[in-house]
Amino acid sequence: MQYQMNKFLFAMILTELEDAVGRENCSTRVIDKVTHSVDYYWLSRMWADRGCRMPEADFVVCPGCAEDVSKVLKIANYYKLPVTTWGAGGGTQGGAVPVCGGILLDTKRMNKIYDVNTESMYIECGTGCVYKHVEYAANEVGKTTMHYPSSLTCSTVGGFLAHRGIGVSSTKFGKIDDMVLKMEIVLPNGDIIETSPAPKHAAGPDLNQIFIGSEGTLGVITKAQMRIYDEPEVRRFRGFLFSDLSSAIKAGRELLQKFKPSVMRLYDQAETSSLIKKIVGVDRKGAFMNIAYEGVKELVDVEGKILLDTFGKYGAEDLGSEYGEKWWKEKITFFYPGHMMDIPQMFGTMDTIAPYDKIEKIYWAMKEAVESNFPQARFIAHFSHWYEWGTMLYDRFIIDGKDVPADPVEALRLHQAVWSVGVRAAIANGGVVNDHHGVGIKLGRFMKEQYGPAMQVFEGLKKSLDPNGIMNPFKLGL
Amino acid sequence: MNMTEFSKKHVDSCRFCWMCHHICPIGNATGQERNTARARALGISLVNRDAIALEEIIDNIYECATCSACAHTCVTGWDPVLFTREARLKAALAGALPEYINILIDNCLDTGNAYGKEDISPELKEIISKHGEKTDTLLWLGTDARYMAPAQGINAVRVMEKYAPSFTVLEDEPDCGTHLDFLIGTAEETKNIMQSAADIMNNYTKVVIFDPADAKTIKRAFGEMGIELSCEAVTFTSFLAPLAKGEKTLRDAAIQDAFQLSRELGETEPIREIVSKYAYIREFLLNGEETVWAGNILMSRYMGRVIKKVAEMRISNAESIGAKYIITESVGEYVSLKSVKQDKIGIIALENLILGEY
């Protein structure tokens with residue numbers, strides 16, 4: 001915005017936005033602005049905890065469909081107003097925080113289930129649907145989405161697509177980008193487009209994959225076809241204890257060459273002796289690994305045998321099914337206040353991903369970087385999404401409240417510093433900026449460090465689609 | 001806001017937790033982020049830190065139905081209803097309530113009902129007059145049925161006539177405190193109203209409570225407020241479950257569990273026992289303790305469009321499971337669901353189902 005907003009112009013823009021989405025769906029109330037100023041991002045939470053107000057939007061608008069979004073974006077372009085898209089606010093990277101003010105575009109009114117298609121096995125829905133509601137729609141016809149992230153109940157379809165999210169059964173069923181068939185998107189200039197009628201084509205680059213992970217910087221995803229699956233005939237669990245991380249990763253790698261479990265989670269010694277002990281009850285030294293495998297019973301029987309044979313070769317102790325079943329039951333409990341880290345602690349998840357030949361080195365490098373530079377920090381990790389070629393590292397740092405500066409700016413400084421050493425250690429050893437939480441404002445500064453000259457591809461797209469730079473400014477390093 | 005430390009602990013846990021985001025019937029109907037437990041907690045926490053004024057959040061505090069869906073789904077036991085109710089009380093004590101809430105409170109204190117009604121309908125009065133004689137059993141109709149849904153009150157009496165040998169209905173039945181408890185929680189005024197009602201109930205051996213909202217007040221809130229009840233208080237549904245008889249003809253009937261019975265009092269089976277005598281049940285995906293609130297009359301007075309959307313959402317839930325009817329046990333939910341103009345799902349109150357009049 002290159003001009004000074006004044007009361008008259010503010011009122012003019014407000015009436016135009018009300019005209020676009022309806023007066024009751026357009027707000028300048030403090031409660032709406034405050035509510036949309038704090039998401040799951042630690043810095044926004046800390047800021048609010050210290051009694052400070054985060055940057056707020058000037059207008060909160062709730063469009064009901066792509067046509068409404070189009071009108072809003074045309075207004076925003078005309079007045080050069082920033083537009084920040086908000087799903088349900090469950091993001092950890094500050095991607096939905098309206099740091100430049102302007103328009104906050106909340107998508108949750110676009111929550112219609114358009115089609116539950118059991119022939120082609122997808123649900124077409126508005127991207128404002130909380131994913132749990134899509135799961136409900138699938139359950140009503142005896143199907144399931146197989147997308148079970150910890151944020152299932154608190155993130156929207158659009159939110160998962162915008163930051164390329166993932167659920168706990170990803171090893172077999174994939175990430176969100178594997179689960180989407182087609183999308184409707186409103187471009188920054190207000191044009192409404194659809195991606196190709198089906199994915200996996202040779203009709204040029206995949207439009208889906210250009211917008212998935214773009215975090216609201218290239219447009220607003222308004223509708224999507226998300227895959228559904230038959231409920232498995234059986235789902236079995238098996239817990240294992242490995243003496244060390246290295247043998248566990250090797251065992252996991254070998255297993256993935258044979259079949260794909262749905263859940264595959266390996267916890268380092270530090271996390272096994274803390275969170276896993278507390279929630280699942282495994283009170284043993286070593287690295288706990290939980291496996292779920294599911295589907296048609298005859299196949300699952302064979303997979304169970306392969307699993308035991310493979311892990312046996314690496315000295316894994318078979319803990320039976322009890323811990324795995326407990327983990328499945330409690331898989332979301334980890335994230336409730338009282339179990340999850342919370343203010344006054346400082347914490348963050350620095351998830352990354354790499355091929356097998358690099359991932360263990362990354363783990364040790366990040367651990368060393370965080371613990372040696374910040375002796376007050378604890379470092380715990382697990383490996384929770386596996387592929388034939390590599391796995392992801394879900395590593396977290398935790399600093400107890402007594403070691404976190406009371407002054408919000410000093411706390412921000414410490415937070416930034418920890419992230420910098422952690423993420424740079426990952427990049428230096430062959431990892432990426434992030435695996436499945438996205439970039440947001442938190443990690444934008446690392447994008448150029450990772451991509452180098454490749455960043456101009458993203459910048460070119462941004463410049464072409466959003467010449468006025470209104471869409472989610474200062475996110476994704478764009 | 002001078003909240004208790006206990007409530008503050010809940011506020012500070014919920015303000016940054018999104019886990020119940022999916023479950024709020026109002027948030028799901030409006031799509032508004034402020035209609036979530038975490039938004040209310042965040043707002044209160046910022047008031048507690050002097051970052052915003054209480055006046056900025058008070059409307060939002062009254063946009064909550066206190067249906068406990070959020071608290072019920074929380075695996076660690078945090079309770080957004082707890083601090084929402086306390087915030088209402090503190091705001092009342094601070095003189096910071098919105099005018100539209102003050103009017104409802106004044107009505108409760110002046111007329112014994114939040115709607116400010118002075119009298120009940122002649123038809124209801126007539127049927128009540130037939131049961132004015134003192135017996136062991138008192139049928140407690142409640143203010144919603146008496147003043148806002150007299151047809152339901154009349155039918156409740158008719159159902160009782162069918163299955164109970166003798167019972168009493170009070171022409172001047174007082175308020176039992178349900179509305180004031182919703183509006184300002186555990187205030188002295190609420191307690192006084194509850195005590196007056198309890199004093200009357202204690203003249204009977206048994207009190208059959210027609211409205212689930214009153215059942216929650218009488219069977220639970222009375223105790224929490226230290227009000228002793230010497231009579232046996234039973235819900236209309238649990239009283240009728242072993243008695244009702246009928247022909248099973250209706251197909252695809254979904255039961256709209258009243259959260260006051262299913263979640264707050266743990267009573268889910270009596271309505272199923274009754275409905276299964278008249279209809280083939282097709283359950284909502286979210287039923288029993290998981291039920292989704294479908295609106296009430298009191299909140300319609302100050303946020304009618306939203307309550308209509310809440311009801312529309314529940315009707316949409318019924319459509320998506322292939323139900324043809326919704327059977328209600330709550331007066332407020334029946335009125336709310338009936339207010340939606342649609343012809344896909346039949347809305348039938350339990351008393352109408354039993355009478356075969358739908």
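How far apart do the C-alpha centres of domain 2 of chain A and domain 4 of chain A lie? They lie 26 Å apart. This is a predicted model: local features need pLDDT of at least 70, side-chain atom pairs count only at pLDDT 80 or more, and totals for chains, interfaces and linings use all residues. Residues are numbered from 1 along each chain as its sequence is written, while chains are lettered from A and ligands numbered from 1 in the order in which they are written.

**Chain A: domains**

Colour chain A by domain: domain 1 (7-108), domain 2 (113-230), domain 3 (234-335) and domain 4 (346-463). These bounds come from an automatic or database domain assignment. Now show the contact between domain 2 and domain 4 of chain A. Domain 2 of chain A gives 10 residues and domain 4 of chain A gives nine residues. Contact here puts two C-beta atoms, placed from the backbone, within 7 Å.

**Chain A: the open sheet**

Select the four strands ordered β1-β2-β4-β3 in chain A; they form an open sheet with mixed pairing. Strands are DSSP runs of E, at least two residues, and helices are runs of H or I, at least four residues, numbered from the N terminus. Two strands pair if DSSP finds at least two bridges between them. At the edges are β1 (26-27) and β3 (83-86) of chain A, each pairing on one side only. Helix α4 (residues 66-79) of chain A packs on this sheet and touches β2, β3 and β4 (103-106) of chain A. The direction of α4 makes about 170° with that of β4(A). Such axes are lines fitted to C-alpha atoms, for helices over the stretch in contact, with angles from 0 to 180 degrees between N-to-C directions.

Zoom in on β1(A) and β2(A) (residues 59-61). Two bridges join them, and they run antiparallel. A:Cys26 stands opposite A:Val61 in β2(A).

Buried means 20 or more other C-beta atoms within 10 Å of a residue's own, with C-beta atoms placed from the backbone.

**Chain B: around B:Leu139**

Centre on B:Leu139. Beyond four places in sequence, B:Leu139 touches residues including B:Met160, B:Phe167, B:Val208 and B:Phe210. Strand β1 (residues 137-140) of chain B points B:Thr137 and B:Leu139 one way and B:Leu138 and B:Trp140 the other, and all are buried. Four bridges join β1(B) to β3 (residues 206-209) of chain B in parallel; there, B:Trp140 stands opposite B:Ile209. β1(B) also runs parallel to β2 (residues 168-169) of chain B, with two bridges. B:Leu139 stands opposite B:Val169 in β2(B).

**Chain B: around B:Ile327**

Move to β7 (residues 325-328) of chain B. B:Tyr325 and B:Ile327 are buried on one side, B:Ile326 and B:Thr328 on the other. Four parallel bridges join β7(B) to β5 (residues 250-256) of chain B, where B:Ala253 stands opposite B:Tyr325. β7(B) also pairs in the parallel sense with β8 (residues 346-349) of chain B, over four bridges. B:Ile347 in β8(B) is the bridge partner of B:Ile326.

Key: A residue is buried if 20 or more other C-beta atoms lie within 10 Å of its own, exposed if 12 or fewer, and partly exposed in between; C-beta atoms are placed from the backbone.
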